[in-house]
Amino acid sequence: MAKDVLVGLEAPDDAAVYNLDGRHALITTVDFFTPIVDDPYEFGAIAAANAMSDIYAMGGRPLFALNILAFPINDLDRSVLVEILRGGRDKADEAGVAVIGGHSIDDKEPKYGMVVVGVLANERIYRKSDGRAGDKLILTKAIGTGVISTAIKRGVASDDAVAVAMQSMLRLNERALELARSRDVGCITDVTGYGLLGHLSELARLSGVAAVVEAAKVPMLPEAGELAEEGCVPGGSRRNQEFVEPVTRWSESVTETEKLLLCDAQTSGGLLISVAAGDSAKLVEALEAEGHAAAQIGELRSGDAGTIEVV
């Protein structure tokens, strides 16, 4: 049975992959978290989009999902629970994913997410270890959701900033994957809790290459910079920065705010795609044409595996 595990614990990636028949494989992931927005319906939808993202990051198509729910049944009205589950179901319906079960517990703090199972062709698995020196790096969504979510909890985020961040987190990565498939892609990962630089460092380390990021080219959510300067930075983002410091060389032109945002813990973030240089501009153009806040933000180079230079 172990021989059929194509991606498991020995080679950590965005999801587990299990061979079915030599041509097709099952891909499975799980993710859940506490509320990051006030509206229970939107919380459920964001959590579902976030859970499905790992399937897309490895080139898969999600098939069905199981709910994971913790809820203080004696402290919150049941209507809140219903709205969380409705949000998750509607987002799954958008993706063509059947929600066919799950498990719940009574807990003081609400938590919601999904186990997602999908399928992919064995020859089209996008592993983090397949990045190539010379590949350009494409990011498909703006970063800063951790900062905006913290500002929401503190009641200091503007309606406009919240609206743009919500739209980004609710957007599935399905179409971004479809557009990437038509190009010469090395590897893909999604940008979530470890922040842009955390995920990039892991991708570069597993691929045996170094990375360069141009800070000014990384798309940021509106007001994320200002809110970060005001101290709306989640603890996870600061821990991410501490984690990547030993492998990161910062240019003197990079500000402290930019450093924090490049390490900001994301929820339902975009795909980080390494693509052949000749296809980079075309992929960005195609993504932008469909409303993605996409940009070429750097490249992979020969060098010490996992190291990052931010210029």
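Select serine 268. Serine 268 is buried, with a relative accessible area of 2%. Buried means under 20% relative accessible area, exposed means over 50%, and partly exposed is in between (1.4 Å probe, protein chains only). Look for serine 268 in the loop between α9 (256-262) and β11. Helices (H or I, at least four residues) and strands (E, at least two) are DSSP runs, numbered from the N terminus. Serine 268 is not a glycine, yet has a positive phi of about 50°.

A word on the model before moving on. This is a predicted model, where local features need pLDDT of at least 70, side-chain atom pairs count only at pLDDT 80 or more, and totals for chains, interfaces and linings use all residues. Residues are numbered from 1 along each chain as its sequence is written, and side-chain values use heavy atoms, with hydrogens and water left out.

**Stop two: another positive phi**

Select glutamate 223. Its phi is near 75°, a positive value in a residue other than glycine. Glutamate 223 sits in the loop between β9 (210-213) and α7 (224-229). Is glutamate 223 buried, exposed or partly exposed? Glutamate 223 is partly exposed, at 29% relative accessible area.

**Stop three: lysine 108**

Now select lysine 108, in the loop between β5 (98-106) and β6. Lysine 108 is exposed, with a relative accessible area of 69%. Leave aside the neighbours within four places in sequence, and lysine 108 is in contact with Pro72 and Asp75. Contact means heavy atoms within 4.5 Å. Leucine 137 and lysine 108 are 29 residues apart along the chain, and 41 Å separates their C-alpha atoms.

**Stop four: the rings**

How many aromatic pairs does the structure hold? There are 2 aromatic pairs. Rings of Phe, Tyr and Trp (its six-membered ring) pair if their centres lie within 6.5 Å; planes under 30 degrees apart count as stacked, over 60 as edge-to-face and the rest as tilted.

Select phenylalanine 43 and tyrosine 112. They form an edge-to-face aromatic pair, 6.4 Å centre to centre, with 75° between the planes. Phenylalanine 43 lies in helix α1 and tyrosine 112 in strand β6 (residues 111-121), so the pair ties together parts that are 69 residues apart in sequence. Phenylalanine 43 counts as buried at 2% relative accessibility. Tyrosine 112 is buried too, with a relative accessible area of 0%.

Select α5, residues 174-181. Which of its residues are buried? They are Ala176, Leu177, Leu179 and Ala180. These residues cover an arc of only 165° around the axis, which puts them on the same side of α5. The arc is that of the directions from the helix axis to the C-beta atoms. The cover over the buried residues of α5 includes α1 (40-57), β8 (185-190), β11 (271-275) and α10 (277-289).

Go to α10 next. Its buried residues include Asp279, Ser280, Leu283, Val284 and Leu287. They span an arc of only 140° around the axis, which puts them on the same side of α10. An α-helix has 3.6 residues a turn, so residues three or four places apart point the same way. Turn to the other side of α10, where Gly278, Ala281, Glu285 and Ala289 are exposed. Among the elements covering the buried residues of α10 are β7 (136-139), α5, β11 and β12 (295-301). Just after α10, glycine 291 takes a positive phi of about 90°.

**Last stop: the pockets**

Pockets were found on a 1 Å grid over the protein atoms alone: a pocket is an open set of points where a 1.4 Å probe fits, with protein on both sides within 12 Å along at least five of seven lines, and lining residues have an atom within 4 Å of a point. Grid points are joined across faces, edges and corners, and a volume is the space filled by probe spheres set on the points.

The largest pocket has a volume of about 770 Å³. Select Asp31, Thr192, Gly193, Tyr194 and Gln266, the closest to its centre of the 37 residues that line it. β3 gives the largest share of this lining, 6 residues.

The second largest pocket holds about 200 Å³ of space. Of its 13 lining residues, Gln167, Ser168, Arg171, Gly291 and Ala293 are the closest to its centre.
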